[in-house]
Amino acid sequence: MSVDYAAQILEGSHRAAARLISWLEDEDERAYECMRKLYPHTGRAYVVGITGSPGAGKSTLTTALTRVIRKSGLKVGIIAVDPSSPFTGGALLGDRVRMSELADDPDIYIRSMATRGFLGGMAKAAADVVRVLDALGKDVIVIETVGVGQDEVDIVGVADTTCVVMVPGLGDAIQSMKAGIMEIADVFVINKADHPGSDMLCAEICARLDMDAQLRERGWVAPVNKTVAVEGVGLDEMWLSIESHRKYLLDSGRFYDNRRERISREALRMIHGELFRVVREQLEQNGRLDAAVEQLMNRKLDPYTLMRDIVTDWLSSSQCKRRRDEDTQS
Amino acid sequence: MARKIKMIMAKPGLDGHDRGAKLLARICAEAGMEVVYTGLRQTPEMIVAAAEQEDADVVGLSSLSGVHNYFFPRVVELMKQKGMEDVLLVGGGIIPEEDYDFLKKSGMGAIFGPGTPTTEIVEFIQANVRQR
Amino acid sequence: MFEDKVLKKIKADKEKWERGPLAKSLSKSPEAKPVFTTISGAPVERLYTPLDVDDVDYDRDLGYPGTFPFTRGVQPTMYRGRYWTMRQYAGFGDAKSTNERYRYLLEQGQTGLSVAFHLPTQAGYDSDHPLSMGEVGKVGVAIDHIDDMRVLFDRIPLDKVTTSMTMNAPASVLLAMYLAIAKEQEVPWEKVGGTVQNDVLKEIICRGQYIYPPRHSMRLTVDLIEFCQKYVPKWNSISISGYHIREAGSTAAQEMAFTIADGIAYTQACIERGMDVDSFAPRLSFFFNAFTNVLEEVAKFRAGRRYWAKVMLDRFKAKDPRSMMLRFHVQTGGVTLTAQQPLNNIIRVALQTYATALGGAQSLHTNSYDEALCLPTQQAVTVALRTQQIVAEESGATDTIDPLAGSYYVESMTDRIEAEVDEYIKKIDAMGGTLAAIEQGFIQKEIQNSAYRFQKEIESGERVYVGINKYTMEEPPPSGLLKVDMSVGQKKAAELAEYRARRDQAKWKAALDKLREVSSTDENVMPYVIEAVTAKATVGEICDVWRDIFGEYRPKEYV
């Protein structure tokens with residue numbers, strides 16, 4: 001492969017970024033060499049997560065917010081995540097429809113992404129894509145997901161500022177409380193605020209925030225924004241809220257702490273994932289797994305001993321050493 | 001992870017008849033593809049930008065208003081300019097057979113007229129899509 | 001409809017028949033399929049008897065033509081008085097070539113006009129807008145301004161013909177032009193008759209020619225209805241359309257249900273404007289599809305008439321019987337046509353026309369057999385018109401009113417469709433009304449699921465489609481198709497530049513400024529739209545004023 005994708009991405013090539021993201025999605029080995037080269041150039045972009053239940057108008061909100069961000073000249077990357085079908089493995093990704101008007105702005109990059117069921121978890125996949133867009137030169141990266149499953153909550157963990165979107169009349173507040181989404185919100189957005197019931201929803205959220213504030217000391221109380229995304233109403237205010245959250249993070253040192261924690265978590269997760277992959281591959285190939293499972297079934301062996309044995313064997317194995325040597329050489 | 005075929009399904013021009021486009025999007029997704037539906041009123045520029053950003057392997061164009069001879073070659077041309085010749089382009093809708101030759105010569109991979117079984121379209125895509 | 005004693009005997013006899021002759025026959029040779037369904041997927045029984053219509057009350061459920069609940073028809077004499085209006089949807093290229101087609105059709109005995117506009121006009125763009133590239137004059141006639149409209153109706157007296165205009169988001173602009181031309185022809189507005197589609201909800205649901213967000217679109221819709229009620233009393237100010245819902249894949253019952261749901265939303269909006277229901281409801285008209293399953297279509301039309309009458313009486317407390325009449329135009333099913341063996345389409349259209357006649361429509365467009373291939377040729381249009389004339393004047397379908405009434409099957413299916421409509425309306429009410437149901441994608445998803453089911457049935461061969469999945473054959477590629485001159489676009493663009501340059505700039509600007517000012521208030525925009533078109537503002541310019549004020553609608557797509 002003679003094309004230097006990393007170099008092209010650093011020069012701002014959407015096409016090269018698009019291909020690298022495909023490799024990441026496919027968990028294709030070719031991606032990692034490239035990612036290694038890009039890593040030093042990442043960490044600069046600000047990441048905004050937008051989540052909420054289906055029908056909350058997240059895509060429209062993302063589009064309208066992007067328009068506001070673009071006014072200040074910042075370049076925007078958008079990752080729109082939709083679920084894959086567990087039955088067919090395919091996916092219908094419809095978020096671009098509402099983002100049509102952004103399609104031919106060369107400073108915006110939009111990528112639709114299906115959840116697939118990544119071995120390393122959706123959060124890792126999303127974090128990788130964020131890094132690609134970061135290296136591509138996007139200043140703000142917006143990740144939009146449906147906030148219903150663990151996958152989606154994980155993705156939001158990649159964001160610096162998480163916006164939770166709700167709409168009046170869907171019993172949203174209660175549902176979201178159950179799902180634990182209230183806890184992750186840095187900014188609340190009541191979209192479709194021209195619909196009846198928006199004041200009540202606002203009151204509900206505020207009451208909940210008050211209760212929360214009594215329970216524990218917090219340096220940041222999530223502001224509640226009202227928007228009518230289809231008409232572009234309230235987006236300037238929403239962006240201001242995001243910016244003031246960013247300022248709070250920077251001033252309080254939380255920005256550094258959060259990112260440090262995230263990087264540590266990610267690194268551990270990657271190590272975990274890779275170790276697991278290599279060990280499993282080996283166990284599957286040499287037939288030891290099958291044999292061990294048979295013994296476990298017959299109660300001739302217990303899984304605790306098996307775990308200890310395998311880890312001990314593997315760490316002292318020649319293969320493990322060879323891998324170490326290879327890495328020091330390269 | 002096995003790689004998946006990524007498809008863009010687009011309606012060029014002002015035509016609002018999207019029954020076929022939506023049906024095919026759904027059926028391709030059921031066949032395991034990841035299908036990005038772009039919606040109505042797409043200009044060739046918007047379609048090509050979407051294909052580029054999504055790293056699409058296939059772009060499906062649906063037209064029922066008789067604008068295929070204008071739009072399809074325009075999409076092909078823009079793709080060429082961006083060096084995206086390896087993306088498979090397929091078209092469908094109300095397209096008279098006498099236009100097939102012209103459209104294929106201009107770079108469309110296939111044209112599917114009214115009444116084509118969707119299975120035929122899915123199989124064609126699976127057989128002719130690029131490796132990446 | 002029957003006495004208990006009679007029903008009891010029928011029940012016993014039927015059981016006897018089932019055990020005897022039927023069972024014997026089935027044991028010798030089973031039926032071709034385990035289940036029979038209509039094209040909409042509705043189950044069809046082997047045999048219908050009085051048992052299936054035992055709860056039909058003649059006076060309550062059927063009554064008499066021209067009286068509540070209008071199941072049997074909206075006029076007392078129906079086609080014995082006058083046939084339906086034969087109205088072929090036509091338009092292509094520029095105004096001049098379409099005007100020629102209109103005059104040809106009128107000479108051939110057509111009784112009303114129906115204007116097909118090209119997509120840029122429908123979407124509120126001028127012919128030289130970037131989004132109009134490739135579209136100019138393609139699926140309809142290119143009308144940018146009042147001069148085009150004048151050419152379109154050249155030598156056609158607007159007090160003698162009625163005109164239907166398939167125009168929705170920019171409906172008020174095109175109606176304004178039409179009324180201005182009427183004035184030029186010295187035809188008073190009270191004498192001008194016709195229809196403007198003006199139905200933006202179905203554009204959002206399935207047809208795609210929307211411009212503004214629903215709330216603002218509804219305002220323009222109601223402005224037009226209110227204006228016509230005051231000044232153009234013979235004009236049908238809206239044509240609430242199920243046609244496109246069916247084309248998008250719905251079942252017959254869904255077509256009726258969602259159209260009535262839209263009708264309820266418009267009626268509600270007019271009442272909220274402060275209009276009395278009986279002041280505008282008589283001018284609400286409808287537009288439906290007709291597929292090839294004749295009996296199901298007839299049942300659909302009858303069920304729709306009965307249900308709408310009840311909606312107007314019970315929900316909206318209408319007093320004028322005319323407010324309760326479901327008057328409708330029909331177009332034969334465009335999606336039922338095949339590109340394969342296109343002459344077969346003539347038969348499909350004939351059956352659909354027959355269904356429409358038996359179903360009691362007020363006007364009809366018959367599709368041309370070549371429409372799955374291209375825009376219709378003159379020959380194909382003529383056959384389509386002749387089909388209507390044969391059904392009207394030879395078949396006998398028009399001699400008596402609602403001839404299928406009393407058929408056990410048709411009455412039973414009428415009841416079933418009405419029940420399904422009622423179920424949908426209740427569901428939509430519970431969601432918070434039609435707009436909410438559209439916003440949540442409920443209606444769109446229901447339609448798409450039906451389209452999907454139908455496609456699967458065709459591909460599995462479960463449902464026969466002649467020429468598609470059965471009786472197919474090799475054919476030479478069709479020839480002699482109508483081609484629209486690609487140069488219309490360039491000609492129109494050049495002509496527009498000149499038009500804009502030579503109009504009275506001060507007058508033009510003043511009219512648009514005034515329109516802008518009024519559009520931000522609650523005042524009815526119609527008079528100012530008429531001013532603007534008269535001052536030579538173009539369709540695109542007027543629509544842009546509203547784009548600035550109202551914003552543009554971006555659909556939520558459900559796939």
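In chain C, strand β6 (residues 194-196) runs parallel to β7(C), and two bridges join them. T195(C) has N236(C) as its bridge partner in β7(C). The model is predicted: local features need pLDDT of at least 70, side-chain atom pairs count only at pLDDT 80 or more, and totals for chains, interfaces and linings use all residues. Residues are numbered from 1 along each chain as its sequence is written, chains are lettered from A in the order in which they are written, and side-chain values use heavy atoms, without hydrogens and water.

Both strands belong to an open, parallel sheet of nine strands, ordered β7-β6-β5-β4-β3-β11-β10-β9-β8 (chain C). Pairing requires at least two DSSP bridges between two strands. β7 (235-236) and β8 (238-241) of chain C stand at the edges with a single partner strand each, so one side of each lacks a neighbour in the sheet.

Chain C also meets chain B. Contact (heavy atoms within 4.5 Å) involves 34 residues of chain B and 43 of chain C. The two chains bury about 3,200 Å² between them, 55% of it on carbon and sulfur atoms. Buried area is the accessible area (1.4 Å probe) lost on being put together, summed over both parts. In chain B, L14(B), R19(B) and R41(B) lose the most area to chain C, together 26% of what that side buries.

One salt bridge crosses the interface of chain B and chain C. The term denotes a side-chain nitrogen of Lys or Arg within 4 Å of a carboxyl oxygen of Asp or Glu. K456(C) and E30(B) form a salt bridge through their side chains (3.8 Å, N to O).

Key. Helix = DSSP H or I, 4+ residues; strand = E, 2+ residues; numbered from the N terminus.
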